[in-house]
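The sequence and structure come first.

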Amino acid sequence: MSPETDLLTPLRRYWGYSAFRPLQERIVRSLLAGHDTCVVMPTGGGKSLCYQLPAVASEGTAVVISPLIALMQDQAAQLAQMGIPAAVLNSTLNEGEQAKVMSRARDGAYRLLYVSPERVARGDTMGWLQQVPIAFFAIDEAHCISEWGHEFRPEYRQLNKLRTKFPDRPIAAFTASATRHVRHDILAQLQLRNPDKYIASFYRPNLRYLVRECEGLEQMEFLVKALRSYAGSNVIVYSPTINRVEETVDLLGDHDIAAVGYHGKMGAEERRRNQERWMSDEVRVLVGTIAFGLGINKAAVRAVIHLSLPKSIEQYYQEAGRAGRDGASADCVLLWQKKDAGLLGFFANQITDAAERERAWERYRIIREFVESRRCRHRQICGHFGEAPKWETCDACDVCGSVAEWLVKSEALPGKAAGRKRLPPQPVVAAVAGSEADELREYLREWRRAMAKEKNVPAYIVLHDSSLEEICVRRPKYFAELRQIAGIGERKAEVYGQQILDALEKYRQGARAAGAESKIKPADETLRLLGEGRTLEEIAQIRGRQLSTVVNAVANLVEMGDVEFQSGWVSEEKQSVIATACARAGIERLKPAKDILPPEITYDEIRLVVARLRREQSSSKADVPA
């Protein structure tokens, strides 16, 4: 293909953009020229367009290899909405559907075909792929091929077959987080030939890093204060365990902060529903384990809050980097506790392979240094990935003097550091403020949710956050004006254009968002179910919670005196044994008692009895005359 090939026309026609982001056009032209390519670009930098656009402009099919099933499905659905034929081939399809996709792929029916690395590793896949008119291969999350990467996946090693089976087809590797060592490993493992390399800066000037070591209940106090300060904005909260996810969602609900959870023990449909409620702005706070977030396409996230130490800088950079993808300022908050470090060390020691255990300890050492050192957070991250910034201080992290009011107790605010090079970045379209503007935004979000439900697609596929915000600013009245909105290409304008204009007209005539229904607080719901005589197991089932989450919630109610301890929860014999152990080990922590109790006595039983003992202790202190 000619180097002068017009790329702006398809960019505008399909994606609705009039200009490329940094590096995008060069990467697209590399692939169109048939070169092997390695791309390291931070989350939100626009990686997917770098292989989708050359697929549209090429003859043949681009085969995209991705480990993320949800991402594959969403991207294929988004491309279909744009008028670009695409398909997914993975385990979510039944045999008949898979056979149909494979047959159509042989006929060259798709511009993009998404497959999993497990599928490529299957013995029968290579022979079938050789019958497909392939333009090039794009390998997403390419760091998974390296043992030095933070998410090594053995099935990625099988991708080296692509070079031997398809010696004349270009291979492009894409990743958001790869150190120099990992980058070299990617080139070697995939046998890339004299590849064009594109490494974007790891410096995200619109992000502010705030790190705080917390003690005891302090962490949850900070979280509630933080979420109040981000009221009305989208926030991701990363929690270390499934139980902590559920407990955090309930605690926030008790403080009138609506949140949904996301973790691996939820059914796939519930996970999908919760993610979509957050994606469509129905609920602004999502609390998830690290299972959440890979491949999400939500630009307007104002904060990502971690409630424990990540296992590596790469993991933290990738997860925290889901904030501020729209270019506007956003916060990356890490509220950690000393016990997190102990847990990471424990897991590192469980690794049987000596080399992998050594790598895990090295990752632990680096993340521990990141949170404990007094060096600029941005510089530490850039340095980890082999980048050497020219500035010394960033004015965008706690070390360099940036302060969040909600994170300050009574201590004096630190002074401003000198010699900063950073200027606050501005979003492409500044968010309009004020109650009237908020009403329009909420009205359009509600319209988008209804449309997404009708079409059975994620809300962002109907209308991206940045496009919705620009509509709020420009308020187009005519089709030609709507076509000037970034992110609205020809096909999207055909499908949704008139409905968007109709929605705006209805708003001008007085229509408004219906508003959310009032919700019962989780603690009140638990109290109501206890009052009905429900067992703890029944409450867990009714509320969709793990049993241990309900036990902890009930134990807290017992400690506060809101609920009387019920003998049916723990047998009298076990109560006596636990109380005896607690007399020796104390009631501050559960583990010392657990260590001296018989193994058949569970943590849940200990937690409930300890709650009763703590309540009795506090009551006896209150009864002592002054």
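A polar contact, as the term is used below, is a pair of N or O atoms within 3.5 Å; within protein, one atom must be able to donate a hydrogen and the other to accept it. The model is predicted.

Arg512 lies in the loop that runs between helix 21 (490-508) and helix 22 (522-531). Its relative accessibility is 37%, so Arg512 counts as partly exposed, since that class falls between the 20% limit for buried and the 50% limit for exposed.

Two polar contacts of the Arg512 side chain can be described. One, of 3.0 Å, is made with the side chain of Glu439. In the other, the side chain of Arg512 reaches the backbone oxygen of Tyr507, also at 3.0 Å. Leaving aside residues up to four places away in sequence, Arg512 touches Glu439, Tyr443, Glu446 and Tyr507. Tyr443 is 69 residues from Arg512 in sequence, yet the C-alpha atoms of the two are 5.7 Å apart in space.

## Nonpolar cores

The largest nonpolar core holds 70 residues, and the members that touch the most others are Tyr209, Trp278, Phe370, Ile471 and Ile500. Helix 21 is the biggest contributor to this core, giving seven residues.

What does Tyr209 touch beyond residues up to four places away in sequence? The contacts of Tyr209 are Tyr316, Tyr317, Ala320, Cys332, Arg377, His378, Ile381, Ala396, Cys397 and Asp398.

## Helix 19

Helix 19 covers residues 465-474; seven of its 10 residues are buried, so the helix is largely enclosed by the rest of the structure. The buried residues are Asp465, Ser467, Leu468, Glu469, Glu470, Ile471 and Cys472.

Just after helix 19 comes Arg475, which takes a positive phi of about 50°.

## A nonpolar surface patch

Leu343, Phe346 and Phe347 make up a nonpolar patch on the surface. Together these residues have about 310 Å² of accessible area.

Phe346 is located in helix 14 (residues 338-349). Is Phe346 buried or partly exposed? With a relative accessible area of 45%, Phe346 is partly exposed.

Notes
Residues are numbered from 1 along each chain as its sequence is written. This is a predicted model: local features need pLDDT of at least 70, side-chain atom pairs count only at pLDDT 80 or more; totals for chains, interfaces and linings use all residues. Side-chain values use heavy atoms; hydrogens and water are left out. Helices (H or I, at least four residues) and strands (E, at least two) are DSSP runs, numbered from the N terminus. Buried means under 20% relative accessible area, exposed over 50%, partly exposed in between (1.4 Å probe, protein chains only). Contact means heavy atoms within 4.5 Å. Patches are made of residues with over 30% relative accessible area and no salt bridge: like charges are joined within 9 Å, nonpolar side chains (Val, Leu, Ile, Met, Phe, Trp, Tyr) within 5 Å. Accessible areas come from the Shrake-Rupley method with a 1.4 Å probe; for residues, only the protein chains shown count as cover. A salt bridge is a side-chain nitrogen of Lys or Arg within 4 Å of a carboxyl oxygen of Asp or Glu. A nonpolar core is a set of buried Ala, Val, Leu, Ile, Met, Phe, Trp, Tyr and Cys residues joined through side-chain atoms within 4.5 Å.
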